[in-house]
Amino acid sequence: MKTILSLHIPGTPKAKDRPRVLRTKSGASYAYNTKQTVLAEEALRQHLMVALRGWQAQPGKSYGLKAFFSFPAEGKGHSPGAPQTSKPDLDNLLKLVLDALKPWVDDAQVSRIEAQKLYGSDGKTELLLVEL
């Protein structure tokens, strides 16, 4: 396995919100992302842009993603290392990461994911992208 990306991002991890749907008077429906999702995805994309510096996924290649999401334990009565079992959901944390990666790798090419969310001493997201 060839490591493509190893990235540490400080700060409490953000999850992708459910899309909102707007219905017009004519009956047409439009889905859009919340402002919080757009801002979180753009912030993550800025970190990825620096880390991936011109790299682009190759068609036909398969990639694996390891993601570790750490939430501050302070004041919540949890010890660092304990599983974080409340919102946000792990799948929504991953959706934000995969969508932020889209300029570099199509999420259909990600064939293996390993992810966890825990309490830690501080909030952070750690990502490892490998070519399988």
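Which residues are exposed on the other side of H1? They are Lys35, Gln36, Leu39 and Val50, where exposed means over 50% relative accessible area, buried under 20%, and partly exposed in between (1.4 Å probe, protein chains only). The rest of the text leads up to this helix and then on from it.

The model is predicted: local features need pLDDT of at least 70, side-chain atom pairs count only at pLDDT 80 or more, and totals for chains, interfaces and linings use all residues. Residues are numbered from 1 along each chain as its sequence is written, and side-chain values use heavy atoms, with hydrogens and water left out.

The protein has 2 helices and 6 strands. Helices (H or I, at least four residues) and strands (E, at least two) are DSSP runs, numbered from the N terminus. Read from the N terminus on, the elements run β-β-β-α-β-α-β-β. Along the principal axes, the C-alpha atoms fill a box of roughly 55 × 40 × 25 Å. Of the 132 residues of the protein, 39% count as buried. A contact means heavy atoms within 4.5 Å. Among contacts with a separation of 6 or more, 83% are between residues 24 or more positions apart.

Helix H1 covers residues 35-52, which makes 18 residues. From its first C-alpha to its last, H1 reaches 25 Å, close to the 26 Å expected at 1.5 Å a residue; the expected span is 1.5 Å times one less than the number of residues. Thr37, Ala40, Glu41, Leu44, Arg45, Leu48 and Leu52 are the buried residues of H1. Seen down the axis of H1, these buried residues fall within an arc of 135°, so they line one face of the helix. The arc is that of the directions from the helix axis to the C-beta atoms. Strand E1 (2-10), helix H2 (90-100) and strand E6 (124-131) are included in what covers the buried residues of H1. Just after H1, Gly54 takes a positive phi of about 85°.

Thr37, in helix H1, counts as buried because its relative accessibility is 1%. Leaving aside neighbours within four places in sequence, Thr37 is in contact with Ala15, Lys16, Asp17 and Leu96. Its C-alpha atom is separated by 22 Å from that of Ile113, which is 76 residues apart from Thr37 along the chain.

The other helix named so far is H2. It is mostly covered, with 8 of its 11 residues buried. These are Asn92, Leu93, Leu94, Leu96, Val97, Leu98, Asp99 and Ala100, and they pack against H1, strand E4 (63-72), E5 and E6. With neighbours within four places in sequence left aside, Asn92 is in contact with Ala15 and Lys16.

In the loop between E4 and H2 lies Pro88. The peptide bond from Lys87 to Pro88 is cis, with omega near 5°.

Val97 touches Leu44, Leu65, Phe69 and Leu127, not counting residues up to four places away in sequence. In soluble globular proteins, nonpolar side chains tend to be buried together.

Rings of Phe, Tyr and Trp (its six-membered ring) pair if their centres lie within 6.5 Å; planes under 30 degrees apart count as stacked, over 60 as edge-to-face and the rest as tilted. The count comes to 1 aromatic pair. Trp55 and Tyr63 form it, edge-to-face, at 5.6 Å centre to centre and 90° between the planes. Tyr63 counts as buried because its relative accessibility is 0%.

Ser121 is placed in the loop between strand E5 (110-120) and E6. With a relative accessible area of 64%, Ser121 is exposed.
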